Amino acid sequence: MTEKLKIKAKDHLDSSEGKRHFNQKHFTESAPRYDIATRGLSFGQDAYWKKRLIQGLPELNSPYCVDIACGTGDVTFLLADKYPGGSIRGVDLTQEMIDISNERNQNKLVSFSCQDMSQLDVPDHSIDILTGSYAIRNAPDLDECLSEFHRAMKPGGHLAFLDFCKPSSKFAQSCQFWTLKLWGSFWGLLLHGNPEVHGYISASIKNYPANKELEQKFSDHHFEVVKSQRFFFGMTTIHFLKSLHTN
Ligand SMILES: C[S@@+](CC[C@H](N)C(=O)[O-])C[C@H]1O[C@@H](n2cnc3c(N)ncnc32)[C@H](O)[C@@H]1O
């Protein structure tokens, strides 16, 4: 049995240390029912979005792929299906998520390890494909993580991020915040008897950049936005990026 989540997201998401600490506690508690929650929270759309993320990646023979914040490994396993000749790794902050991924990893086609996305245990310019679904919104410090991804990516390498899409207008942001707060808290109550579990999604969006700012951040960190796809009335988006050379 995992310890009950007693801390509140809004008290911890303002600093990178607080966010890391909260995420570790939150995902330790939510891990056993995480897959049910994701299907429910997304109205059953989650698997389709993840497939679209994989479909949008280029055809390569033997890429080195890293799926950050891999959770229970959905995207990691899809990478292994797409790139049978590749070397595929999933990394996540939370040991409970890695344990579930390892249980699913019957054929040992991929490797999983516990790692913080702000400090990847990979050599410079080694990754061909980096993916993250509902990942970068959880970055302890987004700028720091984007710098780390750029360090780790091969020049010309591909990245794809699926996440909620934060609108620009304050009114639309407020609608999104309350929709996610109510919907997330409902699933937290239903599955864990605790609205703070999954209710955190709305809090995590508060400090997350709106879509335009996010794309500017990508560009500031030397990533070209190749294309983006929106889903579910613009609630979620996939950004496909290319890592650029820097001199
Ligand atoms: C919403 S889940 C997404 C899981 C999976 N990618 C999916 O789409 O189902 C977010 C994941 O991010 C992980 N996480 C949070 N902070 C992290 C960090 N600093 N480094 C790596 N993983 C992190 C959590 O443990 C959790 O598994």
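1. Let's start where two helices meet. Ile 36, Ala 37, Gly 40 and Leu 41 of helix α2 are in contact with Trp 183, Gly 184, Trp 187 and Leu 191 of helix α7. Sorted by class, this contact has six nonpolar residues, two polar ones and no charged residues. Please keep in mind as you look around that this is a predicted model.

2. How do these two helices lie against each other? Two packed helices are described by the angle between their axes and the distance between the axes. For α2 (residues 34-41) and α7 (residues 170-192), the axes come within 10 Å and cross at roughly 145°. The crossing of α2 and α7 is right-handed.

3. By class, the contact of α1 with α8 has two nonpolar, three polar and one charged residues.

4. Now for the geometry of that second pair. The axes of α1 and α8 (residues 196-206) come within 10 Å, and they cross at roughly 135°. Because of that angle, α1 is oblique to α8. The crossing of α1 and α8 is left-handed.

5. Next, find the sheet. It is an open sheet of seven strands with mixed pairing, and the strand order is β3-β2-β1-β4-β5-β7-β6. Which strands are at the edges? They are β3 (111-114) and β6 (223-231), each of which pairs on one side only. On average, neighbouring strands of this sheet are turned by 15° against each other, if direction is ignored.

6. Strands β1 (residues 64-68) and β4 (residues 127-133) run parallel and are joined by four bridges. Asp 67 stands opposite Thr 131 in β4. A helix packs on the sheet too: α6 (residues 142-152) touches β4, β5 (153-164) and β7 (236-243). The direction of α6 makes about 145° with that of β5.

7. Finally, turn to the ligand. Which of the 21 residues around the ligand come nearest? They are Ala 69, Gly 71, Leu 93, Thr 94 and Ser 133. By class, the shell has 11 nonpolar, six polar and four charged residues.

Methods. Residues are numbered from 1 along each chain as its sequence is written. This is a predicted model: local features need pLDDT of at least 70, side-chain atom pairs count only at pLDDT 80 or more; totals for chains, interfaces and linings use all residues. A residue is near a molecule or strand if its C-beta atom, placed from the backbone, lies within 6 Å of it. Ala, Val, Leu, Ile, Met, Phe, Trp, Tyr, Cys and Pro count as nonpolar, Asp, Glu, Lys and Arg as charged, and the others, Gly among them, as polar. Axes are lines fitted to C-alpha atoms, for helices over the stretch in contact, and angles run from 0 to 180 degrees between N-to-C directions. Angles under 35 degrees count as roughly parallel, over 145 as roughly antiparallel, 65 to 115 as roughly perpendicular and the rest as oblique. A crossing is left-handed if the near helix is turned anticlockwise from the far one by less than a right angle, and right-handed if clockwise. Two strands pair if DSSP finds at least two bridges between them. Two residues are in contact if their C-beta atoms, placed from the backbone, lie within 7 Å.
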